[in-house]
Amino acid sequence: MNIIKGFMTTFKHVLEEPVTLQYPEQVKDFEKRYKGRHHLRRYDNGLEKCIGCSLCAAACPADAIWVEAAENSDEERYSPGERYAKTYEINMLRCIFCGYCEDACPTQAIQLGHEHQLSFTDRRDAIYIKDMLIDAPADGQEATPRQVEAGVYTQSIPNMEDPS
Amino acid sequence: MVTPVKEDTELVTINIDGKDYQVPKGGNLVDMAKWVAGNDIPVFCYHPKMDPVGMCRMCLIELGGVARDRATGDIQYNDDGTPQIRWFPKLQTACTQTVNDGMYIKTNTEQVKEGRESVIEFLLTSHPLDCPICDKGGECPLQNLTMAHGNGVSRMYFDDKMHLNKHYPLGDLIYLDRERCIQCARCIRFQDEIVGDDVLAFHERGRRLQIITNSDPGFDTYFSGNTTDICPVGALTTGDFRFGARPWELTEVPSISPWDAAGENISLSTRLDRDFGGKAMIKRVMPRQNEYVNEIWISDKTRFGHHFTRSDNRLSKIQIRKGSNFSESTWDSTFKAVAKTLKEANGSVAAIAGGSATNEDLYELAQLVTGLGGDKLGAWSPTHTGADLVAQVGLPEGSNLGELGAGDAILVIASDLEEEVPMWRLRLKTAQDRGAYLVVANGRNTRLEELATEDPNIKGRVVDGAAIRYEAGSAAAVMANLKKSNKDIAKKLADANHLVIVAGAEGLTLEGHRALVQSAANFLIDSGHAGKVNSGLLVPLPGANGMGLHYMGFSPETTQDIAANPPKVLIVLNAEILDDDPTAKTWLSQVDTVITLGYFMDAIARESKFVLPVQTFAERDGSFTNGERRVQRFYTAQGPMGDAIPAWKAVGNIAQAADLGRAKLSAAAVMVAIAKNVAAFEGITYKVLARTERQFPDVGGDDKYYGGNAYQNTGGIGKQIALSGTAKSEKVTVPDALKAGKGEIVLLPTTRLYDRSHMFIPTVMVRSRVSLPFVHLNPKDAKALKLADGDYAEVNYDGGSVRVRAVVSDDVSVGAAVFPRKLTEKATPLVPTVGTITKVTEPAQIEG
Ligand code: SF4
Ligand code: SF4
Ligand code: SF4
Ligand code: FES
């Protein structure tokens with residue numbers, strides 16, 4: 001009797017769909033919160049969200065991020081407010097994909113996406129610079145830097161919600 | 001140790017949170033609680049270097065005192081025998097309390113916590129959410145105190161906040177963010193109380209209260225950068241560091257200002273930088289506490305002048321002359337070639353070194369020259385002398401200008417200290433504010449004279465000062481005859497508890513300066529002040545290491561001797577001889593070979609056979625001896641530039657190639673040799689120089705709010721060299737003042753803090769403040785020359801001529817034209833000389 005029970009289990013699994021995927025032909029669907037390689041996001045108006053504050057670099061336990069900041073002007077604006085990231089680099093060989101950078105970012109500029117197929121033949125290629133990380137502006141939006149109307153984008157951090 | 005407790009300080013007992021402490025009477029409660037009990041009472045507006053104002057209410061505590069019977073004054077006791085305490089019904093501000101016997105305070109009760117929390121909440125009602133982009137973020141008192149004492153949740157939201165100008169340049173150097181200001185008035189009070197230039201002020205009222213500057217042009221005192229350190233928020237930031245890095249990313253390297261005789265202690269904040277080839281780069285310069293030297297302040301020149309270390313014009317390769325061209329070379333072959341040239345000179349070798357060479361460089365250079373059989377070691381520039389007398393009657397070990405006060409006296413003669421050694425001017429002026437008698441003697445008006453003699457009623461302070469205005473060039477005679485011609489002043493100086501004399505060289509030839517310094521030494525010896533702690537002689541020697549030059553055997557008199565008898569081979573170290581002195585080319589042309597070690601391809605380098613690039617203070621270890629004979633070390637901070645190496649190394653290797661012994665391997669090893677062979681340096685090692693001690697006030701520790709962002713001294717407070725020798729009062733022969741013939745005029749070179757020297761001009765942000773070249777004339781002289789204020793004039797002197805603006809006012813004396821050095825790229829007179837001034841009618845190009 002026990003033997004039959006045992007074989008029943010085996011047969012059940014024979015009929016089930018296999019879990020093994022034929023990677024790379026087949027790719028698994030990811031959970032929404034899967035932490036793959038990073039993206040630097042833009043606001044809907046095309047300005048960069050990143051303000052070059054280095055908080056992600058400070059939070060990063062692997063010391064994978066390098067930020068150098070510079071000053072915006074209305075003639076050459078990258079992001080709202082006074083400061084933007086002149087240099088933004090992530091070393092993907094150091095990154096442990098913990099997502100602390102995402103948590104630390106005050107403007108939700110850095111977000112871990114779903115791309116996970118990272119392989120390099122040279123260590124230096126593992127350093128993703130800002131141009132590789134930043135999203136393209138939405139359709140119809142101008143890229144940065146760009147000239148904007150004076151005195152509009154004065155606030156670096158988006159408005160706080162009413163806490164009441 | 002710098003402490004508030006001296007041998008004769010009266011102590012009182014106060015009780016903090018239930019424990020008794022002995023503290024010096026009259027101290028400030030916040031200072032004392034921190035010093036004796038390590039109790040950090042949070043403050044915003046209070047600053048240990050300034051008078052309390054009680055504006056921010058952050059320092060609330062419960063305050064009480066021992067209850068006494070009103071009639072008898074007896075202490076009242078509880079039943080259990082403990083004294084009764086009478087508590088104030090409401091919280092009190094600690095910063096406005098002076099400690100007295102029987103004072104009781106509580107800093108950890110519910111009421112105090114609530115008080116602090118409310119003050120923080122109030123300050124944040126309109127504070128912008130700027131921390132991520134704010135240059136102060138990470139070392140911000142408001143951030144720190146909010147974390148420590150604030151309520152974790154905010155009841156305010158952004159839309160309700162006050163919106164003001166976020167990017168207001170107060171001047172070229174300092175930016176104001178009006179939203180961030182918490183109206184503590186520290187900046188205003190610093191300018192007013194410490195600097196003596198009250199150019200900042202509040203404007204409007206209530207929530208709209210804003211900082212404004214009422215100086216024109218902009219906020220441009222020589223100390224403006226210090227306001228950014230003591231501002232407890234990011235309202236004041238420097239243009240230099242703007243978005244340069246986040247404070248926690250910086251590596252702090254202890255260093256010493258390379259500019260002047262004060263030897264300000266600084267911290268070089270460095271960080272790796274893409275634009276600097278991935279090397280460590282100085283991002284900003286911060287003060288480092290040394291209560292003996294610069295307290296917690298630095299001058300703007302020190303703060304912003306670091307750019308020359310990375311200038312594109314820095315010499316990065318060895319240059320060897322072939323005919324009229326230069327070609328590059330490697331160190332090894334250069335050492336050999338230079339050694340060969342030196343040996344071939346058969347002992348006809350001399351060296352001239354400038355004030356930015358370190359003790360180590362100078363020692364090795366002296367060894368090389370004497371090893372080769374030469375004996376002439378000249379100090380540049382030959383404008384100031386008297387270092388030997390400073391070594392004998394200077395301020396003795398343990399002295400501190402910060403201790404001068406009531407009953408003491410200071411004489412500043414023939415020096416514009418504001419332009420020459422701004423830190424001394426700041427400390428001597430604050431000494432006057434504490435009650436010292438300050439006399440300023442000069443042939444013209446200077447900023448310190450204005451400050452010393454300004455009407456005390458304007459500021460409501462009782463300050464005691466006097467000015468002596470003498471005929472230009474007669475400083476030595478004035479000092480020698482002080483007791484006769486200025487009886488009252490001389491008596492007051494001689495009778496003072498402590499007397500400091502600063503003897504500059506303005507308007508004097510080298511011989512004249514020697515006479516002045518000797519007369520000043522005589523005065524100190526005769527009055528019995530020589531050798532007394534906190535009394536003595538100071539000379540604003542040019543460069544950071546004027547005293548080091550003396551101790552290593554270099555003297556300005558020898559420089560004159562070298563000029564009179566030029567050697568076959570001359571080694572020039574960090575001395576811009578041809579840029580500084582228009583007459584130098586005559587004697588330099590008789591020198592066969594010049595070997596230059598320097599930072600730039602300056603005029604003397606272009607005339608040299610060998611040009612060797614050496615490292616600045618930023619890239620290497622070394623030490624300077626400041627004007628008070630304090631030996632202070634600095635550490636390697638910035639990545640190297642090109643092939644430059646430290647000068648001691650270059651010189652040591654040349655000596656090795658010339659078979660004069662092995663080159664030393666480190667700066668520390670050179671210091672060991674110095675300690676062995678230079679008597680004054682006995683016992684000094686890098687380890688001794690790195691010693692620190694606890695200093696009052698306790699600034700720059702973990703808190704960062706109490707005294708601002710000055711850095712705690714971790715690199716060493718240095719070691720003051722003891723006085724040596726027994727100077728006697730000597731008879732002085734005052735050389736005759738220069739006399740101008742018909743149609744001529746005496747030109748008196750002066751020093752300007754901001755000039756067009758190779759070292760300073762790369763500081764782009766300050767360039768607009770470098771004055772255009774000018775000659776300053778008395779109206780009488782101007783009339784004779786038919787010049788009006790603002791006219792163009794051509795100044796002709798031995799060795800050149802230059803077109804400048806004429807400034808006409810009676811701030812200068814008759815018969816002499818003040819003609820600042822280094823305001824043009826052309827060499828202008830280094831020492832007083834006779835020249836002519838003619839009006840230029842066609843629109844002339846000012847050579848800036
Ligand atoms: S995911 Fe983690 S390890 Fe990777 S860059 Fe962000 S903080 Fe650093
Ligand atoms: S990604 Fe976010 S945390 Fe990182 S520098 Fe940009 S704004 Fe700051
Ligand atoms: S600018 Fe800074 S130092 Fe000046 S009042 Fe405002 S907060 Fe205080
Ligand atoms: S009121 Fe005491 S520190 Fe401001």
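# Chatting about chains A and B

Biologist: How many residue pairs are in polar contact across the interface of chain B and chain A?

Modeller: The rule finds ten residue pairs there, with both residues at pLDDT 80 or more. A polar contact here is a pair of N or O atoms within 3.5 Å; within protein, one has to be able to donate a hydrogen and the other to accept it, and residues adjacent in sequence count only if both atoms are side-chain atoms. On the side of chain B that touches chain A, the residues split into nine nonpolar, two polar and twelve charged. In that scheme Ala, Val, Leu, Ile, Met, Phe, Trp, Tyr, Cys and Pro are nonpolar, Asp, Glu, Lys and Arg are charged, and the others, Gly among them, are polar.

Biologist: Before we go on, what should I know about the model and the numbering?

Modeller: This is a predicted model: local features need pLDDT of at least 70 and side-chain atom pairs count only at pLDDT 80 or more, while totals for chains, interfaces and linings use all residues. Residues are numbered from 1 along each chain as its sequence is written, chains are lettered from A and ligands numbered from 1 in the order in which they are written, and side-chain values use heavy atoms, with hydrogens and water left out.

Biologist: OK, how many salt bridges are there across that interface?

Modeller: Five, by the rule (a side-chain nitrogen of Lys or Arg within 4 Å of a carboxyl oxygen of Asp or Glu). D275(B) forms a salt bridge with K86(A), and the closest N and O atoms are 3.0 Å apart. Over all chains, the structure holds 52 salt bridges.

Biologist: And how much area do chain B and chain A bury between them?

Modeller: About 2,200 Å², 55% of it on carbon and sulfur atoms. Buried area is the accessible area (1.4 Å probe) that two parts lose on being put together, summed over both. In chain B, I133(B), F243(B) and R274(B) lose the most area to chain A, together 29% of what that side buries.

Biologist: Switching topic: which residues are the closest to ligand 3?

Modeller: C181(B), C184(B), A185(B), C187(B) and C231(B) are the closest of the 13 residues surrounding ligand 3. A residue is near a ligand if one of its heavy atoms lies within 4 Å of it. The shell around ligand 3 has eleven nonpolar residues, one polar and one charged.

Biologist: What about the shell around ligand 2?

Modeller: That shell has ten nonpolar, three polar and no charged residues. C50(A), C53(A), S54(A), C56(A) and C105(A) are the closest to ligand 2. For ligand 1, the closest are C60(A), C95(A), C98(A), G99(A) and C101(A).

Biologist: Now strands. What is the order of the open sheet of three strands in chain A?

Modeller: The order is β2-β3-β5, with antiparallel pairing. Strands are DSSP runs (E, at least two residues), helices likewise (H or I, at least four), numbered from the N terminus, and two strands pair if DSSP finds at least two bridges between them. Seven bridges join β2(A) to β3(A), and W66(A) has E89(A) as its bridge partner in β3(A).

Biologist: Which strands form a hairpin in chain B?

Modeller: β15(B) and β16(B), with two residues between them; G323(B) in the turn has a positive phi of about 65°.

Biologist: Last one: which peptide bond in chain A is cis?

Modeller: The one from Y23(A) to P24(A), with omega near 5°. P24(A) lies in the loop between α1 (2-15) and β1 (38-40) of chain A.
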